[in-house]
Structure formats: structure tokens, C-alpha cells
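Today I am looking up aromatic contacts. My entries follow the display below.

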Amino acid sequence: MADALSVIPAAVLRNLSDKLYEKRKTAALEVEGIVKQLASSGDHEKISAVINFLTTEYIYSPQTNHRKGGLLGLAAATVGLTSEAAQHLEQIVPPVLNSFSDQDSRVRYYACEALYNIAKVVRGDFVIFFNQIFDSLCKLSADSDANVQSAAHLLDRLVKDIVTESDQFSIEEFIPLLRERMNVLNPYVRQFLVGWITVLDSVPDIDMLGFLPDFLDGLFNMLSDSSHEIRQQADSALSEFLQEIKNSPSVDYGRMVEILVQRAASPDEFTRLTAITWINEFVKLGGDQLIPYYADILGAILPCISDKEEKIRVVACETNEELRAIRADPAEAFDVGAILSIAKRQLDSEWEATRIEALHWISTLLNRHRSEVLCFLNDIFDTLLKALSDSSVEVVQRVLDIHACIAQDPLHFRQLVLFLVHNFRVDHSLLERRGALIIRRLCVLLDAERVYRELSTILEGEADLDFACIMVQALNLILLTSFELSELRELLKQSLVNAAGKDLFVSLYASWCHSPMAIISLCLLAQTYQHASAVIQSLIEEDINVKFLVQLDKLIRLLETPIFAYLRLQLLEPRRYIWLLKAFYGLLMLLPQQSAAFKILRTRLKTVPSYSFNGDQLKRASSGNPYSQILHPSGSQITEDGDINQDNGNLQNGINFASRLQQFEQMQRQHRMLAKSQSQSRNTSTSLSKEDPKAEPQRPPTSDTNRPPSRSSRRGLGQLHI
């Protein structure tokens, strides 16, 4: 301190802390001259003493004017040192940087001015303090005082010029600081940061692209800034980096993909569009390099396929196709399980397009990596079954395509049908809403006969008799009406003359026994009219309830459709098809006379020509035994309408109809016992509620047999939308 006082006159020191700027400036020029003389004489010890004196007595003084004068003095000393200033920078720069956080805005302003003058003198040697200077400038860029901001901008431009010229700048040391500052939300700081990123990226010797993952997320964060200017600057910087990526032979896609995937789910539309555009370019450029990140990318793309913004949807769809085109091998880090997990999660999406694409991916994986997908079948099977209840028809169809692909193996086929029956059992609404679509589609994909045989086998042993009846009625309606099952109907028509038809008839018969109307329909379809008549006559009072009449009404109306045209034409030969006529009259006798179905059937029967009736045949047809044989004019015997052979007994083409009738009657007895048990249970419950005076009054349940069919009940349980 004594050395400083010995070389600096007291008047200079006094003026250096004067409240007038001009006096302080004059004093600073005096200090510059003194330091210049000391430097020329090589007395660096006294120069250090002067710098320390200005720092301790002025820079760190509680007096504002002292701090201002000290900053002017340090800048002047640096100017006086000229080329020798570098060796004293450790003493000069830290006090000036410390003044950037001064409470007085004028002090902060003078600190900017002082550092500006110092930087002009030392140039490249100044770079060793770059991180500290950058951090200080970052804060000053958001200063509350406009003059300080202006001074900071001037200093910032000078520092940028120095850094771009310097070969001492270390990007490795700077990146951690930049990464930390990228999370700042202040718009002025953001502009400052983007400006520096752009400048450094323009320097050929600085590889900013290699460090892009460190600040990429920050740039994307700025795309949603409220300031249009900041969004534009960030977008411009990102566009420049994307162009560099396209031209670069080596790019680290991994870390950037993780950032892009997160940003693709941003609530900001512009951010999502930019992120999905980058992903699109990455998929095109990266190819096989992106295989480890396949699932993450897919997880970002699928939601964007249903984005409300058309541009995003277009890019997402294009990216999705590009990604699907990449042929990956599970042996090459391609994780089939991860892809399936993503697709499974997206099946819960509220957007139809996303669900459809998720299913498309599962289908693609099945086709390419079937064995690997089947290893994860337990993880996705329940979700795929749940998707059968989807509100979208296209989604349901794609799910069925996947199920059909899985069910190519016999084991998986039976598992699929079992799960379907289970789902229909626990959710009757699924059977009503989607049952027809599901069954028809599976019949197309997996062979109708195979599907129906398997369903029949399962329903034959079904413990829930009510459900079995509903399910059989549904299957019967599909069989009678769906064009997809036309070949199956043709095969059943040959039941009496074709072994394959007979096997199918017998296979279906066992489960069709759950529903009288289903059995009658099956017999009419198979042209086993004598047996149909026998079934009708076996019905008793308990069988003929509202549900039965609803199903009968449907059958009568179906008889008027083109599917049963062959049967109506057979009525032109009542002599040959006497049992068909008797079956029809049997149905007519079961219908209420005022019903529309009664009138339809009676009108049809009135058109039957009477000229070909044979009295003997009518007599035999009306006999007590429905299986009594009828003599044909040729002398041969007929056991079923239209079929002539010489064999006796109740066997026709290997079908034991008497045994079949017993099977039907036994099943109907089980249904009657169940109905009786349910009725008794309801009556007991009603009695208990009446005996309890405190119990809340309840309306006794009304039996279906005593309630007229409502408009909704006319459709009946198990009716499907065809």
C-alpha cells in the first residue's frame, strides 16, 4: 500500500473518488500514465501494488463513487500496461467481474465499460476467464437497467469477436456451463444463449454438433417461448444443426433421440412438429443405428399420428412407414418385447388412428418375428381380447386379423376360441354389439367349419345353460344369414347324402340342443324335415315361452329370405316333402294367431298346391311315430323327405335321429330344471322380503313367460347386429 501511495499523488487519488465523472476520468488518465512509466521501467512489483490498492481501497469500498473510480482506475492501468497486461489479469479481472453484481446500476455499468476496455487491450489472453465472463454477461443480459443491458450487449459482441479469433477457447469447459444455463426462462437470457450457440457453431474449429445433445433440450424448450423472436431464433438454430446432421458422416443419435421422444409429446404444437420432423430425418439418416431406440421412437410417433394438427399427422405417418421399412433382427439389439409393450400401451389411446397403427405394428411383428412375438403372447393377449370391444369396427377387424394369425397353431386356436367364449359369457353386451362381426371375420380368416366345430365343442359342455342358449342362438343366426358362411350352409344341406355334411350336422347338433329354435333351424337347413317335425312335437308347454316365440318369429321371417328359397320351392312338391309341410304346420300351430309371424307362415302355406297330395302319405305322416317309414310308389322306402333308399330303421346316412331326439330332450330337461330352480329362488326371495316389515318394498320379479315382449325384448337375448 505504501508503494502505491508513493507513486500516485494524493490529488489523483482524491479525484479518482470524486462525484464528478470528468474528475474521475482525469484521475484515471493520470493512473494510466503512472502505470505506463512503471511498465517501461519493468517495475511490476509497484504495478501490482497499485492494482491491489485500487482493488481494496476503491473497488471494495462501501462508497459508490470510490467503486466507480476504482473500475476506471483498473481499466486505465490495463491500458497503461498494454502488451504486458496479461501477467496482471489475475489481479485485474476478478474484481471487475465481482462488480457486475453490485447493487448500484451505475457501478454495474462502469464494470461493463471497464471490462470492455480491458478486453480490447488483452484480446486472446482474456479467454482464460471466459466461463466467468459468460456467466456474468448471462446475468447482465436480463439486468433491470436498460443502460446496463446496452453496455452488456456491447461487451458481449466484443467477447464473441475475441472468442471466434482465439485458439485458446475450450468448448469442453464451456459446455457444462451452457447446459446449466439453458434451463433459464428469462427471455433476455434465452436470446443471449441462442446468440452464443449460433456464433460458436459458425466457428469451423469448434465442434458444436458433437455437444448438441447437451443443449438440444434447452433449444427445444425455447420453441414454446411466448416471444415470437425467441421461437424464431431457436428454430433457426435447430434448422442449422439439422442441416449439419444431414451432412455429417458420424452422429450420436442415441442421446438426441431420447430428447426428441420427450419433446414429441409436448403440449406446444410447434415443439411437437419440430420434434417429429427431427425424428423423421433421424429415421431416414440413421437407419440401423436407431434399432436400439426403435421402441422409444415408435412410442413418440403413434400418438402424433392422431394429432389435431394436420402437418404433424402427415410427418408422423411418413415417419411410421419409414420406421416399419427398417428390417431389424432380434439378434441385433432389436427388442421385440419393447415394441409390443409400446403397441399394447397405445391400444388404450382415445384416438382410433393410433390404435389402428398399434395393431398394425403387432401384425407386422407377427409376420416378421412370429416365434419371438409368441413368447410375449401372455403379455398382450388379454389386451387384444379387450380390444374386441372397441367402438371402431376397423380396430376390431385388425384385432381379429392378429388373433387369426396367432391361431394358425392348433393350441393357440383353441385358446382363442375359449377366451372368446369366456368374454362373451362375462359380457353379453359384447356378444350383442360385436359378436356377429367377430364370428364372421374369424370364419373368413380361419375357415368357417373349423370355427363352428370348435365353438360347438366348447358350448356342448358349457355349465352356464342360459349363456349356452344365448350363444347358440347367436351362432345359429349368423349361420343362417351371413354370406361368409354360405359354403357351410351348402355343406349342411348335404347332410343326408354327404359324409362331410353329416359330420358337421352331428357336430353342431350337440350344442344346438341348448335352443329348440336353433335345432329346428338346423334341421330345416340340413333338410332333415322329419326330424324337425319330431323336435317340434317333442316340445311341451314349458318350452314355449316368450323367448321361444321371439326366436320363432325371427325364423319365420328368415324363411322368406333368399337363403331359404330352396325350401320354399320344395313346397311345390308337397307329396315328396310331406315332412317339411308337417313341420311348417307344426310351427304354425305354436304361433299365436294374431301374431305377424302366424299370418306370414299361413299365407305361405296357402300357396302350397294341393293336386299332388297322396292321402296314404298324409295318413302315415300324421301317425304317432314320426319315424314311421313311408312307402314310395316305386316300392322303396323314405325315411327323410326326398331321400329314397332300401334301408330300414332310423339311421339315415349314419345319423341316428332317434338318438339325436333323445339327446335334445335330455338337454331341454336340464334347461327346464334350471328355469324351475331359478323361479323357486326368485319366489323365495320375494317371500322373505314381504315377511320383513322393515325391508324396503321391492317389485316382485316378473317371469318372462308371463310378460308380453317389449319392443326391446323382441330382439331377444343373443340377437346380433348383422
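Are Phe 134 and Phe 174 buried or exposed? I looked up both, and both are buried. I note that this is a predicted model.

Entry on ring pairs. I searched the whole structure and got 23 aromatic pairs. I then took the rings of Phe 134 and Phe 174: their centres are 4.8 Å apart and their planes are at 85°, so I put the pair down as edge-to-face. I placed Phe 134 in helix α8 (residues 130-140) and Phe 174 in helix α10 (residues 171-181). The two are 40 residues apart, and the pair links distant parts of the chain.

Entry on the cluster. I found Phe 134 and Phe 174 again in one aromatic cluster, with Phe 130, Phe 169, Phe 192 and Trp 196.

Entry on a tyrosine pair. For Tyr 529 and Tyr 577 I read 6.2 Å between ring centres and 75° between planes, so this pair is edge-to-face. Tyr 529 lies in helix α30 (residues 529-538), while Tyr 577 lies in the loop between α32 (565-570) and α33 (578-590). The pair therefore ties together parts that are 48 residues apart in sequence. I checked burial as well: Tyr 529 is buried, at a relative accessible area of 0%. Tyr 577 has 8% relative accessibility and counts as buried, because the cut-off is under 20%.

Entry on charges over rings. Where does the charged end of Arg 450 sit? I found it over the ring of Phe 413, 3.8 Å from the ring's centre. I also noted Arg 106 over the face of Tyr 109, at 4.8 Å from the ring centre.

How values were computed:
Residues are numbered from 1 along each chain as its sequence is written. This is a predicted model: local features need pLDDT of at least 70, side-chain atom pairs count only at pLDDT 80 or more; totals for chains, interfaces and linings use all residues. Side-chain values use heavy atoms; hydrogens and water are left out. Rings of Phe, Tyr and Trp (its six-membered ring) pair if their centres lie within 6.5 Å; planes under 30 degrees apart count as stacked, over 60 as edge-to-face and the rest as tilted. Helices (H or I, at least four residues) and strands (E, at least two) are DSSP runs, numbered from the N terminus. Buried means under 20% relative accessible area, exposed over 50%, partly exposed in between (1.4 Å probe, protein chains only). A charge sits over a ring if NZ of Lys or CZ of Arg is within 6 Å of the ring centre and within 35 degrees of the ring normal.
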